[in-house]
Protein chains: 4
Amino acid sequence: MIVVMGPQHTPADRAAVVREIEVAGLRVHISEGVERTVIGVVGDSHTKELLHESLEAMPGVERVVRILQPYKLVNREFHAGQDSTVRVRDVAIGGGRVVVIAGPCSVESPQQVASTARAVQAAGARLLRGGAFKPRTSPYSFQGLEEWGLQILAEAREDTGLPVVAEAMDARQLELVVKYADMVQIGARNMQNYTLLRDAGRAGHPVLLKRGPSATIEELLLAAEYIMSEGNPNVVLCERGIRTFEPSTRFTLDLAAVPVLKGLSHLPVVVDPCHSSGKWKLVAPMARAAVAAGADGLLVEVHPEPDQALSDGPQQLTPQHFTALMAEVSAVALAIGRRV
Amino acid sequence: MIVVMGPQHTPADRAAVVREIEVAGLRVHISEGVERTVIGVVGDSHTKELLHESLEAMPGVERVVRILQPYKLVNREFHAGQDSTVRVRDVAIGGGRVVVIAGPCSVESPQQVASTARAVQAAGARLLRGGAFKPRTSPYSFQGLEEWGLQILAEAREDTGLPVVAEAMDARQLELVVKYADMVQIGARNMQNYTLLRDAGRAGHPVLLKRGPSATIEELLLAAEYIMSEGNPNVVLCERGIRTFEPSTRFTLDLAAVPVLKGLSHLPVVVDPCHSSGKWKLVAPMARAAVAAGADGLLVEVHPEPDQALSDGPQQLTPQHFTALMAEVSAVALAIGRRV
Amino acid sequence: MIVVMGPQHTPADRAAVVREIEVAGLRVHISEGVERTVIGVVGDSHTKELLHESLEAMPGVERVVRILQPYKLVNREFHAGQDSTVRVRDVAIGGGRVVVIAGPCSVESPQQVASTARAVQAAGARLLRGGAFKPRTSPYSFQGLEEWGLQILAEAREDTGLPVVAEAMDARQLELVVKYADMVQIGARNMQNYTLLRDAGRAGHPVLLKRGPSATIEELLLAAEYIMSEGNPNVVLCERGIRTFEPSTRFTLDLAAVPVLKGLSHLPVVVDPCHSSGKWKLVAPMARAAVAAGADGLLVEVHPEPDQALSDGPQQLTPQHFTALMAEVSAVALAIGRRV
Amino acid sequence: MIVVMGPQHTPADRAAVVREIEVAGLRVHISEGVERTVIGVVGDSHTKELLHESLEAMPGVERVVRILQPYKLVNREFHAGQDSTVRVRDVAIGGGRVVVIAGPCSVESPQQVASTARAVQAAGARLLRGGAFKPRTSPYSFQGLEEWGLQILAEAREDTGLPVVAEAMDARQLELVVKYADMVQIGARNMQNYTLLRDAGRAGHPVLLKRGPSATIEELLLAAEYIMSEGNPNVVLCERGIRTFEPSTRFTLDLAAVPVLKGLSHLPVVVDPCHSSGKWKLVAPMARAAVAAGADGLLVEVHPEPDQALSDGPQQLTPQHFTALMAEVSAVALAIGRRV
């Protein structure tokens, strides 16, 4: 950490900054430049992090520059520069293969889930997703079948053997999802719901953590750090689009996040090409692009009759379209030396 | 609602759209233009909203355009075009006066809160704020004194008579905040935490709802609609900055949101000039600007010794700076025919 | 076009709107809904576009909704739904093959350009790019070799046969670029420099038009319309990243723009994966992703010694890295049925 | 400037970085931390700036952190921390008074300009603005009366004595604007048109420089540096809204830019509350807010009949509304110790 003193700082300002640093058990390293004095802070990174805001509020300080990343457990450096793998039952995410997670946006009926599950399995999906609790922008939209929805998903697992991923939005829902499903999804709107992150960390279940629409990559990694700091290392990161000024898609899929995340962290990274697109025709090109960029998996919404869906119809694929997408995605994976 | 049919749609596509609309009990009104056919949907707005996504997913449909706002109870039209007022004990927010809510970012000790409360009251603040549960980007930052923090705030209310505002991030915290405080704050990161919104709606306590950093004005109003749809009309909206590309401030304070929100909704609108700034020197100019733009109140962070604060030191004002800010803000309020 | 009348509009307001439309030679089609009256405007789309702002400013009008796109010549519909092809000497962009345009950010010397040109040609690039006039954020940065730079590029074309692309920022530069190069680049910062767009339209030379960092897809298409409306159909669109809040890359590459642009327009679309990344390690994954998303070409910066480059060193590839990138990109192209 | 070496850098990497710095005539100051080595670069700031990108491209370097701002002449530090004043004929901008610049978006006829000029003068405006060359998103929109428009503005100056501000978009227009008008406006879309910035610097006329919709505050200051580096110190900065995801206004007015700019630079700062709003009803609240935030002036569009305007009708005020706005703005200015 480096403290840049402003051009008008006094010797007393500087002495106070040095004292604050030394009282915390850290050492200083002062460098007098032509136009600025810079105070380097040397010592334990955790202690430095705690001191950051106090130093920034002190008289004479122009700004405080971090040298190290503010996260630890998710940091690639703390995992010897190696990728980690997250197992969901018998499926490994992050182990070289591209894992496709597919299923309907909302669970609507046993028939809908059963037919979708079989179709996506036949096309090569390795996990089944489905929403039993739905975060909806409007209170008047369909909110999900709740526990019954989870039971329907668990039955589909019985039928197909596909492990199940489902979203939880609070502690009570988390308990139910842990009971019925194999992986819990923390949605984009809850990425900084710290209570839920801690609860998911304590639950120990594999977590699929979606990036918030206005979250930086650093904030996504800090959200994962919340989960890992409770002792749960089974976190998969998911890029699903960020909010920008461009209105032709609902969100802008930030595919550069894939190589950036894999450079900073050891955790697996998957991509959801549906929510950002808002239109099913854009899903296949963005799914291909995500795999080409190095994603460890995809999250795709599939519905037997999208125009009858109770949520997000325009962005869901039919089973036929999904089968075609899987063929395209497999070819791209092979081209970069991986397979689906 | 209007359905625009694409240039290559077939008569069968159009018939299917008309059928879908009529089955829902709505009427159609077809307009053939030179290059597009437009199908107007006439009838109950709630039913139309439910049909929106299905229509958008149908073959031949280019897009669906909403004519009405998707919210009802928060809509200015449903309140006869009048402003509503929210009472927190004996203080009315929205009733013409500019209400200032002040206090420390985090509750740290009884002494800190007591001295801050007296200072802000002397300077003209009408409510006391303080954080007992802190949402922090890093799991290693100070997380708040929890229930003890709420007790400290309640003691300060005993002492000064100032009603108390405190944030809750989940159902358990909400119960405690309702027990000790007079108004519950739902923070920016929880603006789309629908479980919490519903719980706050049911609790009935006045709610201070902060805009999420990537939330549109429409999404903020829909979040308020969640609370109101549970029977709680006591919602105050708070603009606190949105996420943009500009790095010199933490968030970009969107002051146009004040007149826009007041044009669309009857709810009171306050502004937090601290979190967007990130630096205390920017707080006073932005507080003056917020009042000049028509805000019904301000939310200001004050700390006796900002450089010793356990959170957000750089953006908190000293009591002296706060007193100066109140003088400036009062003069601006008078200039536009209001008073603090 | 549709005019939505506000809830408090008067009969006189409505009559004035109808008169304004009819005076312009258009017809109205009025639809009375339960809560709003909507006036459809039927007739020539060009006339409607001109009326848009006047109607929006009239008393009683809530908003005006466009039904058709505001551009014509670049519209896919006006080209019978077919892709167009732009020829630069003997190279066709948009004709099924993926065309790679490569070369140094800035032209620095004859040796640098000659060695780069031969290296990129050997690796499969089909056009040579190089900057002779450099748009630099700071007036103190290197601004380019100007005419001498263009001569160096022309010599490299003599040597290799590769057609040359170079940027022009004003009328005088445009004349020189047309004299020496085969395709003129209009940079992101000049995407809405309308004088330059018209001049490039009149010059008739093929144009590589880069999307501005805050330009919507619609605005990019309108900029291309400026060029085409002067009689020059040879426009290639280039996605190069938009400005967002994410600081880990310089810009966020919006790859969904590729299928969106190809759906709206007939023009070829290429991607520049360098400027958004800011770091050469991100270039290869984003280049692969661009091709997988359906781009008709790539624009890649290559420098024999990036750490000695006079501009943008961190994002330029060495010839060795470029050769590896070409192999990866070729494999991805084959996987989706195209070739480089 | 500080060079952070990555965790895996070699002694050879470090030696190369040190050599690069020393060859440029600068000195190094090495600080070995627990987890990173940091190399401070000491010496002339201009030389450091030129070295920035080369260092960032060198092997072993994690990142390069700037300590000083990259601009000089516009920097407040280089003006002894004092505000500068820009004179346009007999009107001083930046000297304590709030200067209002008003007039129509486009010059349409002598009558329109004459009546607007007299009306805005009567209401207290000190400069007249009007567009003779209009940057329009669509090539089919009205593009301005060109030289005749400038003559009309010059006649209105004869009539009222108000100095005239007009926009130029290229070198030829600049010559005409310098001939007829008293201050040249460089519009938001041309903020990084470096040819135009240099030409405006050489012309020596006072310049009103608008912030680009995706330009950071630092980039705005660097654009002003381009003008000043050609010997023209008469630059007024203008905040006019940045591009964000919020659709209810055309741009988001970043009023915090006012105090931020005044803290970093000595140049006067004015605000255009019209272009961001897109709706005249939002102009008055945002104008009041801008003055309350400390703006040195306002730029307001006024038209005798906005619904007949050839451009931007919805955001232009009638003379009556402008007179009311001036009264409100004057009261706010007085409240903060200034006057209009």
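**Entry 1: one residue**

I started with D:Ala224, which counts as buried because it has 28 C-beta neighbours inside 10 Å. The rule I used calls a residue buried if 20 or more other C-beta atoms lie within 10 Å of its own, exposed if 12 or fewer, and partly exposed in between, with C-beta atoms placed from the backbone. I note that this is a predicted model, in which local features need pLDDT of at least 70, side-chain atom pairs count only at pLDDT 80 or more, and totals for chains, interfaces and linings use all residues. Residues are numbered from 1 along each chain as its sequence is written, while chains are lettered from A and ligands numbered from 1 in the order in which they are written.

I found D:Ala224 in helix H7 of chain D. Helices (H or I, at least four residues) and strands (E, at least two) are DSSP runs, numbered from the N terminus.

Which residues does D:Ala224 contact, leaving aside its neighbours within four places in sequence? I listed D:Val74, D:Leu209, D:Val235, D:Leu237 and D:Leu267. Contact here is between two residues whose C-beta atoms, placed from the backbone, lie within 7 Å. I also looked up D:Leu197, which is 27 residues from D:Ala224 along the chain, and their C-alpha atoms are separated by 7.9 Å.

**Entry 2: two helices of chain D**

I then took H7(D) as a whole, residues 217-228. Its twelve residues reach 16 Å from first C-alpha to last, close to the 16 Å expected at 1.5 Å a residue. The expected span is 1.5 Å times one less than the number of residues.

How many of the twelve residues of H7(D) are buried? Ten are, so the helix is largely enclosed by the rest of the structure. Among them I noted D:Ile217, D:Leu220, D:Tyr226 and D:Met228, and also the charged residue D:Glu225. The buried residues of H7(D) pack against helix H6 (194-203), strand E11 (207-210), strand E12 (235-239) and H8 of chain D.

For comparison I checked helix H1 of chain D, residues 11-23. Its 13 residues should span 18 Å at 1.5 Å a residue, and its end C-alpha atoms are 18 Å apart, which agrees. Just after H1(D), D:Gly25 takes a positive phi of about 85°.

**Entry 3: strands of chain B**

I moved to chain B for its strand pairs, where pairing needs at least two bridges found by DSSP between two strands. Strand E1 (residues 2-5) and strand E3 (residues 37-42) of chain B run antiparallel and are joined by four bridges. Within this pair, B:Val3 stands opposite B:Ile39 in E3(B).

Strand E2 (residues 27-32) of chain B also pairs with E3(B) in the antiparallel sense, over six bridges. Which residue of E3(B) is the bridge partner of B:His29? I found B:Gly40. A hairpin of four residues joins E2(B) to E3(B).

**Entry 4: chain A overall**

I counted eleven helices and 14 strands in chain A. Its C-alpha trace spans about 75 × 45 × 40 Å along its principal axes. Of its 340 residues, 59% are buried. Among its contacts between residues at least 6 apart in sequence, 65% join residues at least 24 apart.

Chain A is divided into domain 1 (2-65) and domain 2 (78-335), with bounds that come from an automatic or database domain assignment. The C-alpha centres of these two domains of chain A lie 43 Å apart.

**Entry 5: chains A and C**

I looked at how chain A relates to chain C. A rotation of 180° with 0.0 Å of shift along its axis superposes chain A on chain C, with an RMSD of 0.0 Å. The two copies are thus related as by a two-fold rotation axis. Copies are superposed by least squares on the C-alpha atoms of residues with pLDDT of at least 70 in both. In chain A, the C-alpha nearest the axis belongs to A:Ala289, at 2.0 Å.

The contact takes 34 residues from chain A and 34 residues from chain C. On the chain A side, helices H8 (257-264), H9 (274-277), H10 (283-292) and H11 (319-335) each give two or more residues. I sorted the residues of this side into 21 nonpolar, nine polar and four charged. Ala, Val, Leu, Ile, Met, Phe, Trp, Tyr, Cys and Pro count as nonpolar, Asp, Glu, Lys and Arg as charged, and the others, Gly among them, as polar.
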